[in-house]
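I opened my notebook today to look at a structure piece by piece. Here is what I looked up, in the order I went.

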Amino acid sequence: MGEYVLRTNNIYKKYGKNLVLDNINIEIKKGEIYGFIGQNGAGKTSLLRVITGLITPTKGTVELFGQSSEKGLVKSIKRVGAVVENPALFPNMSAYENLELHRLQKGIPDKKCIDRTLKLVGLENTGRKKVVNFSLGMKQRLGIAIALLSDPEFLILDEPTNGLDPMGIVELRQLIKRLNREREMTVLISSHILSELHQLATRYGIIHKGRLLEEISSSELNQKCRRYLRIKVDNPSKGATVLETELNSTDFEIMPDGIIKLYSHLNDIQRVSLALTKNNLIIEHFSQAGDDLESYFTKLVGGVNND
Amino acid sequence: MINLIKAELFKLKRNRIFWVLIGVVTFIYGLANYLVIIDWWKMYNTGFYNIGLKEYNAMEMVKLPLIFNLIISTLAGFFINIDYTTGTIKNQILSGNKRSHIYLAKLIVFSLGSVITAVILPLMTVIFETTFLGHSDIYTSERVLYLLRAFSLYTLIIIAYSSIIMMIASITKESGKTIIITIIMTIILFVIDKSLIFKNELVRTIYENTIFYQIHRAFNSSITSNEIGKNIVISIATFIIISFCGSSIFKKQEIK
């Protein structure tokens with residue numbers, strides 16, 4: 001079993017009568033990129049606030065790097081870099097000054113980390129320009145730079161792609177992958193768009209109305225979201241042989257109920273049906289099936305009109 | 001803790017309002033002192049006048065809660081509350097420091113800012129002007145001793161007052177609210193000072209044991225050693241109790 005960086009145990013958070021977190025249990029192992037998906041208002045930021053100690057849960061505990069006591073959590077948070085909700089910046093300071101302030105707060109002795117981090121997020125040429133004059137994307141990058149300044153072991157980013165242009169989103173994805181690969185940084189990243197984290201996260205947690213609906217690995221999600229031809233014939237094993245011999249395809253599986261899921265030849269439906277009928281198989285059902293990421297997410301949270 | 005104090009000092013040095021306050025306080029006290037020294041603005045029977053320091057008459061302003069409150073609450077509004085409005089308070093908590101240390105570091109540096117703007121600057125302007133306008137003869141050893149004692153006690157009172165303002169700023173989280181609430185507070189204190197104190201024994205006893213009453217005592221030329229001790233104890237006790245309360249509130253505060 002891998003070392004856990006984060007574990008939340010039965011987290012509840014209530015504001016008056018409004019339950020914003022309802023029994024949340026997530027576990028993140030060292031080296032994982034955990035994608036935390038949910039609609040706006042689903043409870044993502046509230047959970048991140050609980051994890052980082054900005055708010056206290058009504059019930060439940062947070063375990064960070066194996067520490068769950070108040071003192072232990074304060075110590076553990078030193079190993080975390082986080083941007084929760086919006087990047088918190090001093091508007092009348094430059095990017096360098098904002099990082100210098102954070103360096104002092106964190107007690108990092110070497111000033112070189114500032115230039116290194118600014119370069120890492122592509123803000124090395126901002127000079128004395130005040131943050132108030134930064135674009136939203138630049139502010140987002142600076143927020144991430146603050147989180148990365150102390151070279152954290154665990155990076156928490158709350159909707160970091162907000163305000164970034166498509167190129168910026170690609171660059172951020174590459175940066176996170178690089179940090180994860182080269183520095184073995186564990187990452188918890190939230191988003192309301194599942195496809196945004198696709199091919200980045202190694203595991204996903206889907207939250208809706210304060211409840212964790214599902215935790216799913218990247219490969220399981222890919223499997224679930226794959227399009228396929230759903231075929232039912234009178235003799236499934238013969239059908240499988242036909243697919244192998246006539247269509248040279250092994251990319252299919254036979255389900256216990258006899259349904260064949262063919263993942264290839266999605267654009268060659270006529271050839272598939274012809275091959276089956278030519279071999280005297282009776283086709284009882286033939287359709288395209290499977291979800292894309294967004295429809296999978298929509299179905300999971302109960303459709304578009306779930307509110 | 002030292003890191004946090006360094007960070008707060010870094011912020012204070014780059015705080016525009018702090019420098020604006022320094023400019024405004026220097027100008028107002030500089031002008032007022034000048035008008036008093038050239039005898040354009042005449043005041044009689046003031047505390048300073050009665051001990052032969054009539055050139056210090058404009059410094060009567062430092063004793064007025066409304067004046068020093070305006071300076072200190074403005075600083076609080078734009079030094080403490082800006083952390084809440086920009087959300088940078090989150091970064092401080094995420095830096096892995098204890099909330100009590102974060103609060104204390106802020107309080108220390110905020111108190112320093114308050115002392116600079118509400119005590120040191122007014123005092124420096126009057127010392128500078130009396131010296132350079134040819135009135136340095138007023139500084140006899142007895143009067144220097146009085147000034148040292150009075151302004152030392154006053155400094156302690158301002159530090160204690162800063163802890164009250166800091167607590168209010170931490171609760172309100174907004175600069176406007178901080179300034180308005182503290183102004184209302186000083187008006188209430190003014191009413192107590194001028195009327196209620198003579199009517200109600202309990203109110204008088206309580207009020208006399210607050211830093212607001214002790215301001216008058218601090219500048220009293222005939223203050224006894226016991227009264228000096230009481231003055232110091234009230235200031236320090238106020239600072240400790242209010243800082244503890246403020247820190248406890250901050251520890252439990254939900255940061256959004």
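**Where the chains touch.** I call two residues in contact if their C-beta atoms, placed from the backbone, lie within 7 Å. Before counting, I noted that this is a predicted model, where local features need pLDDT of at least 70, side-chain atom pairs count only at pLDDT 80 or more, and totals for chains, interfaces and linings use all residues. I also noted that residues are numbered from 1 along each chain as its sequence is written, while chains are lettered from A and ligands numbered from 1 in the order in which they are written.

How many residues of chain B are in contact with chain A? I found 21 residues of chain B in contact with 26 residues of chain A. On the side of chain B that touches chain A, α1 (2–13) and α6 (88–94) of chain B each supply at least two residues. My helices (H or I, at least four residues) and strands (E, at least two) are DSSP runs, numbered from the N terminus. I sorted that side of chain B into 6 nonpolar, 8 polar and 7 charged residues. For this sorting, Ala, Val, Leu, Ile, Met, Phe, Trp, Tyr, Cys and Pro count as nonpolar, Asp, Glu, Lys and Arg as charged, and the others, Gly among them, as polar.

**Chain A as a whole.** I noted 11 helices and 14 strands in chain A. The C-alpha trace of chain A spans about 75 × 45 × 40 Å along its principal axes. I call a residue buried if 20 or more other C-beta atoms lie within 10 Å of its own, exposed if 12 or fewer, and partly exposed in between, again with C-beta atoms placed from the backbone. By that rule, 40% of the 307 residues of chain A are buried. Among contacts in chain A with a separation of 6 or more, 68% come from residues 24 or more positions apart.

**Helix α6 of chain A.** I checked the length of α6(A), residues 166–182: at 1.5 Å a residue, its 17 residues should span 24 Å, and its end C-alpha atoms are 24 Å apart, which agrees. The expected span is 1.5 Å times one less than the number of residues. Which residues of α6(A) are buried? They are A:Leu172, A:Ile176 and A:Leu179. Seen down the axis of α6(A), these buried residues fall within an arc of 65°, so they line one face of the helix. The arc is that of the directions from the helix axis to the C-beta atoms. The face of α6(A) turned away from its buried side carries exposed residues, including A:Gln174, A:Arg178 and A:Glu182. Among the elements covering the buried residues of α6(A) are β4 (33–37), β7 (154–158) and β8 (186–191) of chain A.

**Helix α5 of chain A.** Next I looked at α5(A), residues 136–148, where 11 of the 13 residues are buried. The buried residues of α5(A) include A:Lys139, A:Arg141 and A:Ile144. What covers them includes α3 (95–106) and α4 (112–120) of chain A, together with α6 of chain B.

**Two positive phi values.** A:Phe65 has a phi near 50°, a positive value in a residue other than glycine. I found A:Phe65 in the loop between β5 (59–64) and α2 (70–76) of chain A. Is A:Phe65 buried or exposed? A:Phe65 counts as buried, because it has 22 C-beta neighbours inside 10 Å. A:Glu85 also has a positive phi, of about 65°, and lies in the loop between β6 and α3 of chain A. With 18 other C-beta atoms within 10 Å, A:Glu85 is partly exposed.

**Two residues of chain B.** B:Val109 lies in helix α7 of chain B and is buried, with 22 other C-beta atoms within 10 Å. Leaving aside its neighbours within four places in sequence, B:Val109 is in contact with B:Ile5, B:Glu8, B:Leu9 and B:Leu12. I then turned to B:Leu202, found in helix α10 (residues 201–208) of chain B. B:Leu202 counts as exposed, with 7 C-beta neighbours inside 10 Å.
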